[in-house]
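Let's take a walk through this structure, one piece at a time. Keep the viewer open as you read.

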Amino acid sequence: MIQIFFESILDNNIALALILGMCPLIAISTNVKNAVGMGLAVIFVVTLTGIINYPIYLLLQRTGTSQLSLLVFIITIAATVQFLEMFLEKFIPALYNAFGIFLPLITVNCAVLGVSLFFVNREYTFLETASFSLGAGIGWFIAIVLLASVREKMDKHSVIPKGLAGKGIAFIVLGILSLAFVGFAGLTG
Amino acid sequence: MIKFIRMKYTKWYNIMRDGMSRNNPILIAVLGICSALAITNRVDNAIAMGIGVTFVIIASSATVSLIRQFIPGRVRMVTYMVIISTFVIAVQMFMEGFLPDIAEELGPYVGLIITNCIVMGRAEAFASKNPVKYTVIDGLANGLGYMFVLVSIAVVREALAFGTILDMRVMPSTWVNWTVMAIAPGGFFILGLYIWLMRSLTKNYETQA
C-alpha cells in the first residue's frame with residue numbers, strides 16, 4: 001500500500017508518466033501562485049472522488065452494469081465538485097477563497113476521471129485505491145508546481161524563438177521534467 | 001463547376017478549413033492533449049483513437065444540436081456530459097468487441113475521451129448554436145484535424161522508438177531504438193517541436209505578456 005503511494009507520486013506520476021490532466025497543467029502553470037492553488041484543489045478532489053467512486057463501482061459490478069461506470073463516475077465527480085464548492089463557501093471561506101475559482105475547472109480535468117478508471121483497470125482494493133488517489137493528487141501537485149516555477153523564471157529571463165514561446169516551450173520543459181521522473185523508475189520496486 | 005460548388009458550399013468549406021488547419025484543436029488551441037500524448041507511440045493506436053474521437057464529436061455534436069432548443073441553459077454542461085459519455089461507452093464497447101488488442105493497449109484512455117476538451121468545446125461553442133448539417137461538418141473537420149496531428153506524431157515516435165511504421169520496418173537494421181520515444185518524455189518533446197514547426201509555418205504566434 002505504501003509502495004503504491006510512492007509509486008504513484010514518483011515513477012508512475014500521473015502527469016509526467018501517465019500524461020493525464022494536461023489541459024489545466026499547461027493553462028494554469030504560468031505562475032506559481034495559481035499553480036499551487038490548482039494543485040491543492042486537485043489533491044483534494046482526486047482523493048475524495050477516488051474514495052467515493054470505489055464503493056459505487058463495486059455496486060455497479062454487483063448489479064452487472066459495470067459498463068456504465070464511465071457515465072456514473074463522471075456524474076459523481078461533477079456532483080462532488082459542486083458539493084465541495086458549496087460546502088467550502090459556507091464553512092471554510094478562507095479555503096474557498098484560496099482555491100474556489102479552480103474547483104469548477106476540475107470536473108474536466110482528466111486526471112480525476114483517470115484515477116477512477118485506473119483503479120478499475122488495475123483491480124485495486126479499497127485501501128490501495130485510497131493511497132493511489134492521494135499519491136496521484138500529490139504527484140500532479142508536484143508536477144504543476146515544478147512546471148510553473150520553471151515557466152515563471154523562463155518568461156522573465158530568457159529569449160525563446162517566437163514560434164516556440166508559450167505552449168511550445170512548456171511542452172519541452174515538461175519533457176525534460178518527465179525524463180527526470182523516468183529516473184525514479186524501479187526506485188519503489 | 002468547382003467554383004460553383006465552392007460558392008454554394010462556402011460555409012461548409014470554411015468550417016472544414018477552420019477545424020482542420022486554422023483552428024486545429026491541438027496545435028493552436030492546445031486542447032485534448034492528454035490522449036494525444038499518451039497513445040501516440042504506435043500509429044495503429046493513434047488511428048483507432050482518432051476515429052473514436054471523430055465519431056464521438058460528430059455524434060454528440062449532432063445530438064446536442066438536435067435538442068439544443070430543449071436544453072435548459074443552467075444544466076447544459078451536465079446534459080452534454082451525459083450525451084458525450086453515452087457515445088464514449090458505445091465506442092468503448094465496440095473496441096472491446098471488435099478490436100480487443102487495441103482496446104487492451106489503449107486501456108483507460110478510451111474512457112478519457114469524455115474529458116477530451118475538444119468534444120465538450122465543440123458542443124458548447126458550435127453545436128449549441130448551429131443547425132445539424134453544419135454541426136456534422138464541424139465535428140468531422142475537428143475530428144480529422146485531431147486525427148491528423150495524432151497520426152503525424154505517432155509516425156515520428158513509432159519510427160524512432162521501434163524502427164517501424166504500422167509494424168513495417170522503415171529504419172535500417174542497424175538502427176538502435178530510442179526507448180525514450182516510446183514513453184512520456186518523447187511525446188512531450190515531439191509535440192513541443194511540432195507546435196513550434198506549425199506556428200513558424202503559419203506565422204500564427206502566441207503573444208505573451
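Residue numbers start from 1 along each chain as its sequence is written, chains are lettered from A and ligands numbered from 1, both in the order in which they are written. What you're looking at is a predicted model, in which local features need pLDDT of at least 70 and side-chain atom pairs count only at pLDDT 80 or more, while totals for chains, interfaces and linings use all residues.

Start with chain B. Its secondary structure amounts to ten helices and two strands, and along the sequence they run α-α-α-α-α-α-α-α-β-β-α-α. Call a residue buried when 20 or more other C-beta atoms lie within 10 Å of its own, exposed when 12 or fewer do, and partly exposed in between, with C-beta atoms placed from the backbone. By that count, 45% of the 209 residues in chain B are buried. Two residues are in contact when their C-beta atoms, again placed from the backbone, lie within 7 Å. Among contacts in chain B between residues at least 6 apart in sequence, 74% link residues at least 24 apart.

Now zoom in on α5 of chain B, residues 76-98. From first C-alpha to last, its 23 residues reach 33 Å, close to the 33 Å expected at 1.5 Å a residue (the expected span being 1.5 Å times one less than the number of residues). Its buried residues include B:Tyr80, B:Ile84, B:Phe87, B:Val88 and B:Val91. An α-helix has 3.6 residues a turn, so residues three or four places apart point the same way. What do the buried residues of α5(B) pack against? Their partners are α4 (43-66), α6 (100-106) and α7 (117-127) of chain B, together with α4 (69-91) of chain A.

That helix from chain A deserves a look too. The 23 residues of α4(A) should span 33 Å at 1.5 Å a residue, and the end C-alpha atoms are 32 Å apart, which agrees. Among its buried residues are A:Ser69, A:Phe73, A:Ile77 and A:Val81.

Next, the core. A nonpolar core is a set of buried Ala, Val, Leu, Ile, Met, Phe, Trp, Tyr and Cys residues joined through C-beta atoms within 7 Å. The largest one has 110 residues, and A:Ala111, B:Val56 and B:Ile84 have the most contacts inside it. Helix α8 (residues 126-157) of chain A gives the largest share, eleven residues. Setting aside neighbours within four places in sequence, B:Val56 is in contact with B:Ile84, B:Phe87, B:Val88, B:Val91, B:Ile113 and B:Val119.

As for the two chains together, 37 residues of chain B are in contact with 36 residues of chain A. On the chain B side, α10(B) supplies the largest share, eleven residues.

Buried or exposed, what is A:Ile19? A:Ile19, in the loop between α1 (2-9) and α2 (22-27), is buried, because 28 other C-beta atoms lie within 10 Å. A:Glu123 sits in the loop between α7 (110-122) and α8 of chain A, and counts as exposed because it has 7 C-beta neighbours inside 10 Å.

Note on methods
Helices (H or I, at least four residues) and strands (E, at least two) are DSSP runs, numbered from the N terminus.
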